[in-house]
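Subject: The structure I promised you

Hi,

Here is the structure we talked about, ready for you to open. Have a look at it first, then read on for what I found.

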Amino acid sequence: MADDHCFHLDLGSRFENIELVQVVLREALVRFGMDEDARHWVDVAVREAIANAIKHGNAQNPEKKVHVDLSLDGDELVIRVGDEGPGFDPALIHDPLAPENLLRPNGRGIFYMKSFMDEIHYGTRPGGGTLVTLKKKVTRVQDNPEGHREEGTEWK
Amino acid sequence: MEVKNREKNGVTILDLKGKITIGAGEIALRNAVQDAINSGAKNLVINMSGVTTIDSSGVGELVSAYTTTMNRGAKLKLACLPNKVQDILVITQLITVFDVFDTEEEAVASFAA
């Protein structure tokens with residue numbers, strides 16, 4: 001798969017910029033041959049990663065950037081989203097499915113990412129800040145011609 | 001996201017169109033629910049048929065709408081969920097929290113039951 005569909009973006013910490021990434025991301029995923037449903041869920045997961053970087057990492061400070069990298073490693077899509085914040089401990093995030101947390105209005109972003117990607121890792125960016133790495137095996141259109149999940153299968 | 005407010009058989013219907021996402025989308029939903037409640041609405045249906053994407057902030061705003069209406073003595077029901085929105089409510093287990101209906105008519109009628 002051609003490397004020229006990979007990209008790197010440095011964004012100001014504004015929620016409006018999520019839409020910009022979505023445009024570039026969708027174009028890349030189409031060119032990678034990823035089916036429509038898979039594109040939607042990758043889109044949703046990446047949206048969460050960037051929103052977290054803007055809101056929690058950079059505290060919406062417009063001077064701080066969010067760094068987004070997309071590449072393809074064989075059949076595996078690799079997306080890295082970095083911020084310039086103080087870092088955080090993912091172990092401190094509560095379980096959004098616990099009965100006592102079900103009606104909390106927040107705390108589902110990482111859960112979304114875990115649900116829709118094959119792998120998610122948290123680390124530290126060189127120079128500081130959080131770096132989240134999202135991985136997803138690319139299911140191409142020819143592998144799933146109808147572009148949607150089969151009945152009874154889970155999104156993955 | 002666009003929100004339109006209308007009334008049917010004494011039930012306030014909020015038609016959502018577009019993305020319920022962090023920033024403008026979640027704020028539009030919050031304001032629409034607050035305005036409806038402040039105007040005296042007791043029975044609300046959110047018609048989700050026009051929703052294309054809902055992120056975790058949008059889901060959080062739906063949860064807030066649910067608790068706000070309940071705390072104000074009103075009721076909130078959801079109707080016409082697109083498949084991908086329904087999937088989100090299933091995996092977050094919020095499908096067990098909300099009253100969800102396939103059609104707007106069923107949602108409206110449920111208040112009379």
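One term before we start: two strands count as paired if DSSP finds at least two bridges between them. Keep in mind too that this is a predicted model.

With that term in hand, go to strand β5(A), where the bridge partner of V78(A) is K135(A). Another pair to look for is V81(A), which stands opposite V132(A) in β5(A). In total, strand β3 (residues 76-82) of chain A and strand β5 (residues 130-137) of chain A are joined by 7 bridges, and the two strands run antiparallel.

β5(A) also pairs with β4(A), again in the antiparallel sense, over 6 bridges. Here I120(A) stands opposite L134(A) in β5(A). The hairpin of β4(A) and β5(A) has 5 residues between the strands, and in it G127(A) takes a positive phi near 95°.

Now zoom out to the whole sheet. In what order do the strands of chain A sit? The order is β1-β2-β3-β5-β4, with 5 strands forming an open sheet in antiparallel pairing. β1 (7-12) and β4 (119-124) of chain A are at the edges and have a single partner strand each, so one side of each is left without a neighbour in the sheet. From one strand to the next, the twist averages 15°. While you are tracing strands, remember that in a regular strand the side chains alternate between the two faces of the sheet.

Next, the helices of chain A. Helix α1 (residues 16-31) lies across β1 and β2 (65-73) of chain A, and runs at about 170° to β1(A).

A quick reminder for what follows: two packed helices are described by the angle between their axes and the distance between the axes. For α1(A) and α2(A), the angle is about 145° and the axes are 10 Å apart. Their crossing is right-handed. On the α1(A) side, the residues that meet α2(A) are I18(A), V21(A), Q22(A), L25(A), R26(A) and L29(A). Their counterparts in α2(A) are R39(A), V42(A), D43(A), V46(A), R47(A), I50(A) and A51(A). By class, this contact of α1(A) with α2(A) divides into 8 nonpolar, 1 polar and 4 charged residues. If you wonder about the spacing of such lists, an α-helix has 3.6 residues a turn, so residues three or four places apart point the same way.

α2(A) packs against α3(A) too. The axes of these two helices come within 9 Å and cross at roughly 150°. Angles over 145 degrees count as roughly antiparallel, and therefore α2(A) and α3(A) are roughly antiparallel to each other. The crossing of α2(A) and α3(A) is left-handed. From α3(A), the residues that take part are G109(A), Y112(A), M113(A) and F116(A), and those they meet in α2(A) include W41(A), A45(A) and A49(A). The contact of α2(A) with α3(A) has 9 nonpolar, 2 polar and 1 charged residues.

F111(A) is in helix α3 of chain A as well. F111(A) and A45(A) are 66 residues apart in sequence, yet their C-alpha atoms are 9.2 Å apart in space. Is F111(A) buried or partly exposed? F111(A) has 18 C-beta neighbours inside 10 Å, so it counts as partly exposed.

What about the other chain? 18 residues of chain A are in contact with 19 residues of chain B. α2 (36-57) and α3 (109-116) of chain A are the elements that give two or more residues to the side of chain A that touches chain B. α2(A) gives the most, with 5 residues. That side of chain A divides into 10 nonpolar, 4 polar and 4 charged residues.

In chain B, have a look at helix α3 (residues 83-91), whose buried residues are V85(B), D87(B), I88(B) and L89(B). Their cover includes β3 (43-54) and α2 (56-71) of chain B.

Most residues other than glycine have a negative phi. Q60(A) is not a glycine, but has a positive phi of about 60°. Q60(A) sits in the loop between α2 and β2 of chain A. Q93(B), in the loop between α3 and β5 (99-101) of chain B, has a positive phi near 65°.

Happy exploring!

Notes
Residues are numbered from 1 along each chain as its sequence is written. Chains are lettered from A and ligands numbered from 1 in the order in which they are written. This is a predicted model: local features need pLDDT of at least 70, side-chain atom pairs count only at pLDDT 80 or more; totals for chains, interfaces and linings use all residues. Two residues are in contact if their C-beta atoms, placed from the backbone, lie within 7 Å. Helices (H or I, at least four residues) and strands (E, at least two) are DSSP runs, numbered from the N terminus. Ala, Val, Leu, Ile, Met, Phe, Trp, Tyr, Cys and Pro count as nonpolar, Asp, Glu, Lys and Arg as charged, and the others, Gly among them, as polar. A residue is buried if 20 or more other C-beta atoms lie within 10 Å of its own, exposed if 12 or fewer, and partly exposed in between; C-beta atoms are placed from the backbone. Axes are lines fitted to C-alpha atoms, for helices over the stretch in contact, and angles run from 0 to 180 degrees between N-to-C directions. Angles under 35 degrees count as roughly parallel, over 145 as roughly antiparallel, 65 to 115 as roughly perpendicular and the rest as oblique. A crossing is left-handed if the near helix is turned anticlockwise from the far one by less than a right angle, and right-handed if clockwise.
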